[in-house]
Amino acid sequence: TLTYRLGWRLFSLAARSGDAPLIAATRPVLLALVAEFGESAHLSVRLGDQVLTLATESPISAIHAPGRVGGLTPIATTSAGRALVVDLPADELEQLGLTGHAAAIESARSDGFAIVREEFEPGLVSVAAPIRGANDTVIGAINVSAPSFRFDDRLEEAAPILVEAAAAIGMTFSSPHLI
């Protein structure tokens, strides 16, 4: 038909190139999280009303939570999504259709991390922390996700480690001109 359209794959590549400094700063942290927990670790950013995965690292094991770079997931039912919207005012949360998840987002705001147990996918649990850049704004989120039978009882243990790791990444972006 000689009709062309830009697909998600191209969009994913373009999104990754725009966040190259964030990806570069995060990759060693993701690898360290995989080494520490033996589970998959991911870097995500918000893309409108969804979460876009920019980078993922996974252990070599038969059962792990694979991340798809360029993959989109819902904000409401993912730990990364909740970490990405912790600073949004109530009216923006409402515009994103998140009023039903306001309590979970408020909990993530006060705790500094978000935990999700089998809301996005049965058998999958995750914990995430927001990455804050210049002016303390959320510029991304890191999370660890894993099968619930193996990681559910470790989520609270992992949370402060992710908060610390996200803060370390954010220190790289304390100047507004770097993003």
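Arginine 132 counts as partly exposed, because its relative accessibility is 24%; the label covers values between buried, under 20% relative accessible area, and exposed, over 50%, with a 1.4 Å probe and protein chains only. What you see is a predicted model, where local features need pLDDT of at least 70, side-chain atom pairs count only at pLDDT 80 or more, and totals for chains, interfaces and linings use all residues. Residues are numbered from 1 along each chain as its sequence is written, and side-chain values use heavy atoms, with hydrogens and water left out.

Back to the arginine. Arginine 132 sits in strand E5; strands are DSSP runs of E, at least two residues, helices are runs of H or I, at least four, and both are numbered from the N terminus. Which side chain joins that of arginine 132 in a polar contact of 2.4 Å? That of aspartate 87. By polar contact I mean a pair of N or O atoms within 3.5 Å; within protein, one must be able to donate a hydrogen and the other to accept it, and residues adjacent in sequence count only if both atoms are side-chain atoms. A polar atom of the arginine 132 side chain also lies 2.8 Å from the backbone oxygen of aspartate 136. Leaving out residues up to four places away in sequence, arginine 132 touches Val86, Asp87, Thr137, Val138, Ile139 and Gly170, where contact means heavy atoms within 4.5 Å.

Arg132 is among the residues closest to the centre of the second largest pocket, along with Gly112, Pro130, Val163 and Ala166. A pocket here is an open set of points on a 1 Å grid over the protein atoms alone, where a 1.4 Å probe fits, with protein on both sides within 12 Å along at least five of seven lines; lining residues have an atom within 4 Å of a point. Helix H7 (155–171), helix H5 (102–111) and strand E5 (124–132) each supply at least two lining residues, and H7 gives the most, with five.

Is glutamate 57 buried or exposed? It counts as buried, because its relative accessibility is 16%. Its side chain makes a polar contact of 2.4 Å with the side chain of arginine 27. Beyond neighbours within four places in sequence, the contacts of glutamate 57 include Leu30, Leu31 and Val34.

Finally, the whole chain. It has seven helices and six strands, and buried residues make up 44% of its 179 residues.
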